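Student: I have a structure open here and would like to talk it through before doing anything with it. Can we go step by step?

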Amino acid sequence: MGRTTGAAEASVSAEASVSAEARDRRVALDRRVAQDLRAAQGPGEQPRKTRARESPRTHGWRRVLLAILITGAVVLPLSGAARPEIPAPAPATVAAPVTAATLDQTYAANRANAAEASRMAEAHGNGERAAADRAMADPSRHFLSFDGRGPGLATEVFGDLAHADRVAVLVPGSDTSIDTYDRFRDAARALHARLIREAPQGTRTAVVAWLGYETPATVSTTVATAGRAEEAAPQLREFIRRLRALTDAAPTGSAHRKPHISLLCHSYGSVVCGRAASQLDVDDIALVGSPGTGADTAAGLRTRARVWAARGGDDWVAEVPHIKLDLLGTTVGFGTDPVSPSFGARVFAAGDGGHSDYFRPGSTSLANLTGIVLGETSEVTHG
């Protein structure tokens, strides 16, 4: 018994060591790519946010993008070797479509599924994933969907979704999975807390954290292309369709209502939203920390929703070249910068925050996102 336990502990220790080494190499590569991006911008150029007109050095950008692709080719096999597949049950079977009357049953079924995923991960020797799954099984959590297989998928609700007048749906960017889910959840919780404080008397709000697609790694071949976004767009469209059916049909004791839905898209999530936009029944789309959407203009998204955009003063995504290039038969890059005048979005202030600060409590960006969700557009400060 002791010998078996010791072997298991040694295995877990070795796995942790490999994972730590992979993370260290990945951080070093990330820094190297960031340095290449800054070098490609050129020492004589002004910072991107102060230039009135961009003149991309196509040859330089090609070299940088190729560096990113090469970096991705190194990181992906390393990451795959460091994190073996973790067993988990198939998603819970729930009543379809989910309605206001079946929400509690859906939440309970997904919590039970997360608990089973935790047991399986623990038996597999992955304590980190087991702890993440176990946290999701807590009785206070409300998941519309949960899938613990692979990187994992989850859709969590904050607030009374069935009776909400204002609903915000968050779409995450790269490196978001069950293993890193807490930071995404923190963003949703911060927004929900602010909405509760700022909502006018009688206005009910809810926030949905939609991790409904497999996000790309920040430093990888996939993050510079629209492949994952193309795969995710149909799922996002279907989710919004079901969400609209659930909230529009929910009983209120008064006349039929149509809740206001805002889609808040961060980083690579804005590429997903851009691909799905033309078939989304939402009222507002806000792009924050966006590398681009694939469209040349907001009008090119072909949506009736108001399109907003913001970027923090210390967000490294400002250094990403906003171009589209054909490299080895693959389109790399996402085109026009959403905060540029030529794109035509409603640009709002995001303060001096970095790429992960848009939902930081007390931030300018969170205050403005709250105003957008509540429809108080006159209170939104412009960037």
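Student: What share of the 383 residues in the protein chain is buried?
Tutor: Buried residues make up 50% of them, and please keep in mind that this is a predicted model.

Student: And the surface, how much of that belongs to carbon and sulfur atoms?
Tutor: The protein chain has an accessible surface of about 17800 Å², and carbon and sulfur atoms account for 52% of that area.

Student: New topic: how many helices and strands are there?
Tutor: The protein chain holds eight helices and 10 strands; eight strands form an open sheet with mixed pairing, in the order 1-2-4-3-5-6-7-10.

Student: Why does one side of strand 1 and of strand 10 lack a neighbour in the sheet?
Tutor: Strand 1 (143-147) and strand 10 (346-347) stand at the edges and each has a single partner strand, so one side of each is left without a neighbour there.

Student: In which sense do strand 7 and strand 10 pair?
Tutor: Strand 7, residues 306-310, pairs with strand 10 in the parallel sense over two bridges, and Ala-309 has Val-347 in strand 10 as its bridge partner.

Student: Which strands does helix 8 touch?
Tutor: Helix 8 (residues 364-374) packs on the sheet and touches strand 3 (166-171), strand 4 (205-211), strand 5 (260-266), strand 6 (284-288) and strand 7, while its direction makes about 150 degrees with that of strand 5.

Student: What about helix 3, where does that lie?
Tutor: Helix 3, residues 103-124, lies across strand 1 and strand 2 (153-159), and runs at about 25 degrees to strand 1.

Key:
Residues numbered from 1 in each chain as written. Predicted model: local features only at pLDDT ≥ 70, side-chain atom pairs only at ≥ 80, totals over all residues. Heavy atoms only, no water. Helix = DSSP H or I, 4+ residues; strand = E, 2+ residues; numbered from the N terminus. Buried < 20%, exposed > 50% of the residue type's maximum accessible area, 1.4 Å probe, protein only. Areas by Shrake-Rupley, 256 points an atom, 1.4 Å probe, with all protein chains shown as cover. Pairing = 2+ DSSP bridges. Contact = heavy atoms within 4.5 Å. Axes fitted to C-alpha atoms, helices over the stretch in contact; angles between N-to-C directions.
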